[in-house]
Amino acid sequence: MGIPYDDVVIIKKSEKLGDPTMITVNCPDKTGLGCDLCRIILFFGLNIVKGDFSTDGKWCYIVFWVVEKSRRTRWNSLKKTLQHLQQRLLGACPSCYSTSGIYYYKNELQQPKPPQVFLLKFCCTDRRGLLHDVTEVLCEVELIIWSVKVSTTPDDKVMDLFFITDTRELLQTKLRQEDVYDHLRYVLGDALISCEIELSGFEVLTCSQGSILPPAITEEMFGLEQSNHPPSKYPTSNKVSVTVDNSLSPAHTLIQVLCIDHKGLLYDMMRTLKDYNMKISYGRFSIKHEQNCELDLFVVQADGKKIVDLNKQNALCSRLRMELLHPLQVAVVSRGPDTELLVVNLVELSGSGRPLVFYDITLALKMLKICIFSADIGRHMIGDKECEVYRILLDEGNGFSMSWKKIECEVRKMLMGWE
C-alpha cells in the first residue's frame, strides 16, 4: 500500500475570505498521531474548528479545518507559513520508504533522538513589552522555548537566557543563526547590546523533583480530577460532559464530549488519549453555535479491546474533564514583598510541552501594560505528574495598582483564547 509523497499532507487554502483552511493527512497510523498533529497546528497559531478521523489500524485519513486565531506574523506570508506547517506535519507522520516515487510504510521501531538544545543569550536595554516581542520572534522563526532565565539589572539592562530547540534542526549552522539574529535586530533595534547562540546540554530539559507551588494550585490541580464541575470562579456555561458508551459498537468504546471551545481543545483531548495509550479508530469534532463543541471518538485500548473496566472508564473521564475544564492553572501570589504570576500546565508523557504558553503570558502582560522584572520556566514533578511551571515576577513600579484578580483573569483569557 503506497501513496505519492506529495499526497501525505495536503493543505488547501479557502478561496473565500474567512472560511477555514483544510488540512488532509493520509499516512500510516500510530498511537498518538492525532496529538502530534494537533500540537503542531497549535504551535503555528491555528485553531481547529472541525475534524474528521478514520483508520483501519494500519493506515489513517485525517482532515482538519483550521482558522487563524492566535497570532499574526511580520515576516512570513500565510502561504509561506502554511508551507512550513506542511513540512512539520510531514515530519510527524510515521516513516515511509520510497520505490519509484511511491512512499510505503516502513514498519520498524525507531527511538526518537533527543533534540539539540541551544542557549540563546542576549543583553539589551529594557522596555515595556520587550520579553513578549522576543518571544514572538522565536515563535515565528519556529524555535521551541524549553526554559527561560530573565533578569533585570538596576541600570535598566536585561539579560535573557533562552534554552531553545529548532524545529528545522538547522540551528547549528551559521546561516540559521544569522537568520535568528536578523529577526531579533529588527525588533530590538539599537536596544540590542549583545547576542549569541551556543550549544547547550540536554540536562536543561530534565525535571526537578518536588513541588514549588503554593498549596492552592496543587489542590486545584488534583481536586479537579474528582469533580464534574469547574471551580466557582469559572462561568457555569463552561461545564463539561464526558460520557462512555459501549452499546453502539461491537468492537469500540464511544467517548462523547460536550463542552465550550478553548484554544488547543482538540490537542488537550488527543494528548490525554495518547497518555492513556488509546487508539482512535474513528472520530468527529465540530464547533457548533456559540462556541459549543461536540466530539465523538470510537476508541480501543492498546490491546485492541473496548474499555469495559469501570475504574478505567472513570479515570479516563475524570482526566478528560480536568483537561477540558482547566488545562492550565493560573494564579497571582505574594512572594515576600513582590507579586508573582504562576502558570502551570501538564507535560505529555512523551516529554512535549504545550505550545505558545509563554507567548500568551507575555502578550497578556504587555496588553495590561505590566512590566516583567524576572521570569523563569522549569519542569517539576507535582505528585506523579510532570508539569511546566512558569514563574513571572511582576514589576510593581510606576504606580502599579492593578488587582491580582484582574491580572489572573486576563492571563487566563489569553491562554484559553476567550474574547
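Student: In which loop does Glu 169 lie, and is Glu 169 buried or exposed?
Tutor: Keep in mind that this is a predicted model, and begin with the place of the residue, since Glu 169 lies in the loop between strand 10 and helix 4 (174-188). Its phi is near 55°, a positive value in a residue other than glycine. Because exposed means over 50% relative accessible area, and Glu 169 has 53% relative accessibility, Glu 169 counts as exposed.

Student: What is the phi of Lys 369?
Tutor: Most residues other than glycine have a negative phi. Lys 369, which lies in the loop between helix 8 (357-367) and strand 18 (371-382), is exposed with a relative accessible area of 58%. Although Lys 369 is not a glycine, its phi is positive, about 60°.

Student: How many residues of helix 6 are buried, and which residue with a positive phi follows helix 6?
Tutor: Helix 6 covers residues 265-275, and eleven of its eleven residues are buried, so this helix is largely enclosed by the rest of the structure. Among the buried residues are charged ones, including Asp 268, Arg 271, Lys 274 and Asp 275. The helix is followed by a residue whose phi is positive, near 60°, and that residue is Asn 277.

Student: Which residue forms a salt bridge with Asp 268 through its side chain, and how many residues apart in sequence are the parts that the pair ties together?
Tutor: Side chains of opposite charge can pair when their charged atoms come close. Here the side chain of Asp 268 meets that of Arg 354 in a salt bridge, at 2.4 Å from N to O, and both Arg 354 and Asp 268 are buried. Arg 354 lies in the loop between strand 17 (338-346) and helix 8, whereas Asp 268 belongs to helix 6, so the pair ties together parts whose separation in sequence is 86 residues.

Student: Which residues are linked with Asp 268 and Arg 354 in a network?
Tutor: The structure holds 28 salt bridges, and some residues are linked by them in a network. Besides Asp 268 and Arg 354, the network of salt bridges includes Arg 271, Asp 275, Arg 319 and Glu 323.

Student: Is Arg 335, which meets Glu 340 in a salt bridge, buried or partly exposed?
Tutor: The side chains of Glu 340 and Arg 335 meet at 3.1 Å, N to O, and Glu 340 is buried, with a relative accessible area of 2%. For Arg 335 the relative accessible area is 43%, and because buried means under 20% and exposed over 50%, Arg 335 is partly exposed.

Student: Which residues gather with Asp 156 in a patch of negative charge on the surface?
Tutor: Asp 156 lies in the loop between strand 9 (143-152) and strand 10 (157-166), and it is partly exposed, with a relative accessible area of 47%. The residues that gather with Asp 156 in this patch of negative charge are Asp 155, Asp 338, Asp 395 and Glu 396.

Terms used: Residues numbered from 1 in each chain as written. Predicted model: local features only at pLDDT ≥ 70, side-chain atom pairs only at ≥ 80, totals over all residues. Heavy atoms only, no water. Patch = residues over 30% accessible without salt bridge, like charges linked within 9 Å, V, L, I, M, F, W, Y side chains within 5 Å. Areas by Shrake-Rupley, 256 points an atom, 1.4 Å probe, with all protein chains shown as cover. Salt bridge = Lys/Arg side-chain N within 4 Å of Asp/Glu carboxyl O. Charge placed at Lys NZ, Arg CZ, Asp CG, Glu CD. Helix = DSSP H or I, 4+ residues; strand = E, 2+ residues; numbered from the N terminus. Buried < 20%, exposed > 50% of the residue type's maximum accessible area, 1.4 Å probe, protein only.
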